[in-house]
Every structure is written in structure tokens, then in C-alpha cells.
Amino acid sequence: MAQEIPGLAWQGKLADIKELVAEHGAGILDTQDANGRTAAYSAVSGKRMPVLKYLLDQGVDLNLAMSKGSTPLHLACFEGAVEAVELL
């Protein structure tokens, strides 16, 4: 269940994420999928700024890196996602 959080973030399904947080607590937001992607990383990847803002408000760990060492900020810089960089 928690491992689906990164996928929901990438898809922009904020209501579903909020429902899971209500059921299981904000700690699930730092769950990483098999490749190490977190919800924050996936929100940046999917350009889902409302999701990213929510995740930041919930206090997610932005230093969790993917299996290849990339963080949400690395990805935002690489993709030229200025709004995401400013939020992060």
C-alpha cells in the first residue's frame, strides 16, 4: 500500500494520497518504491506542483535519494523545473 504513494504522486492523485495519510500517518510519504523513488521525487518527475506543495507541508524527507543517488532537487534542476526548484 505505502509503495504505491510514489505512483500516486506522479499521477497527481492528491486526494488518494491524503486519504492514505489520514489512514496511516504522514510517515508513509517517505516510502520508496523498488527504484528508490519517493513521493516528492515522483511529484517533481510528473510536474505535480500541488502534490509537491502538500508533501512539503507534511515534512517529507527531501534528502532521500533514488537508487542512483538523485534527489528531488537534482531532478528538478536537471529538468529545468523552476517552480519545483523554488519550492524545494
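A polar contact is a pair of N or O atoms within 3.5 Å; within protein, one atom must be able to donate a hydrogen and the other to accept it, and residues adjacent in sequence count only if both atoms are side-chain atoms. This is a predicted model, in which local features need pLDDT of at least 70 and side-chain atom pairs count only at pLDDT 80 or more, while totals for chains, interfaces and linings use all residues. Residues are numbered from 1 along each chain as its sequence is written, and side-chain values use heavy atoms, with hydrogens and water left out.

**Figure 1. The whole chain.**
The chain has 6 helices and 0 strands. Its pattern along the sequence is α-α-α-α-α-α. The radius of gyration is 11 Å, close to the 12 Å that the globule rule gives for 88 residues, so the chain is as compact as a globular protein of that length. That radius is taken over C-alpha atoms, and the globule rule is 2.2 Å times the number of residues to the power 0.38. Helices (H or I, at least four residues) and strands (E, at least two) are DSSP runs, numbered from the N terminus. The C-alpha trace spans about 35 × 25 × 20 Å along its principal axes. Of the 88 residues, 40% are buried. Buried means under 20% relative accessible area, exposed over 50%, and partly exposed in between (1.4 Å probe, protein chains only). The accessible surface comes to about 4700 Å², and carbon and sulfur atoms hold 51% of that area. Accessible areas come from the Shrake-Rupley method with a 1.4 Å probe; for residues, only the protein chains shown count as cover. Among contacts with a separation of 6 or more, 64% join residues 24 or more positions apart. Contact means heavy atoms within 4.5 Å.

**Figure 2. Confidence along the chain.**
The mean pLDDT is 94, and 98% of residues reach 70 or more. pLDDT is the predictor's confidence in each residue, from 0 to 100. Confidence is lowest in α6, at a mean of 94, and highest in α4, at 98.

**Figure 3. Helix α2 and its two sides.**
L14, I17, L20 and V21 are the buried positions shown in α2. Seen down the helix axis, the buried residues of α2 fall within an arc of 125°, so they line one face. The arc is that of the directions from the helix axis to the C-beta atoms. An α-helix has 3.6 residues a turn, so residues three or four places apart point the same way. A15 and A22 are exposed on the other side of α2. The buried residues of α2 pack against α1 and α4. After α2 comes G25, with a positive phi near 90°.

**Figure 4. D33 in the loop between α2 and α3.**
D33 sits in the loop that joins α2 and α3. Is D33 buried or exposed? D33 counts as buried, because its relative accessibility is 16%. A polar atom of the D33 side chain lies 2.9 Å from the backbone nitrogen of R37. Not counting residues up to four places away in sequence, D33 touches Q3 and P6.

**Figure 5. T38 and A39, from loop to helix.**
T38 lies in the loop between α2 and α3, and A39 is found in helix α3. T38 counts as buried at 2% relative accessibility. A39 is buried with a relative accessible area of 0%. Leaving aside neighbours within four places in sequence, T38 is in contact with P6, D30, T31, Q32, L64 and P72. With residues up to four places away not counted, A39 touches I5, P6, A9, L29, T31 and L55. The C-alpha atoms of A39 and L52 are separated by 8.1 Å, and the two residues are 13 apart along the chain.

**Figure 6. Helix α4 among its neighbours.**
Helix α4 covers residues 49-57, and its buried residues are M49, V51, L52, Y54 and L55. Which helices do these buried residues pack against? They pack against α1 (5-11), α2 (14-24), α3 (39-45) and α6 (82-87). G59 follows α4, with a positive phi near 80°.

**Figure 7. Helix α5 and its buried face.**
In α5 (residues 72-79), P72, L75 and A76 are buried. Down the axis of α5, its buried residues fall within an arc of 100°, so they line one face of the helix. These buried residues pack against α3 and α6. G80 follows α5, and its phi is positive, near 70°.
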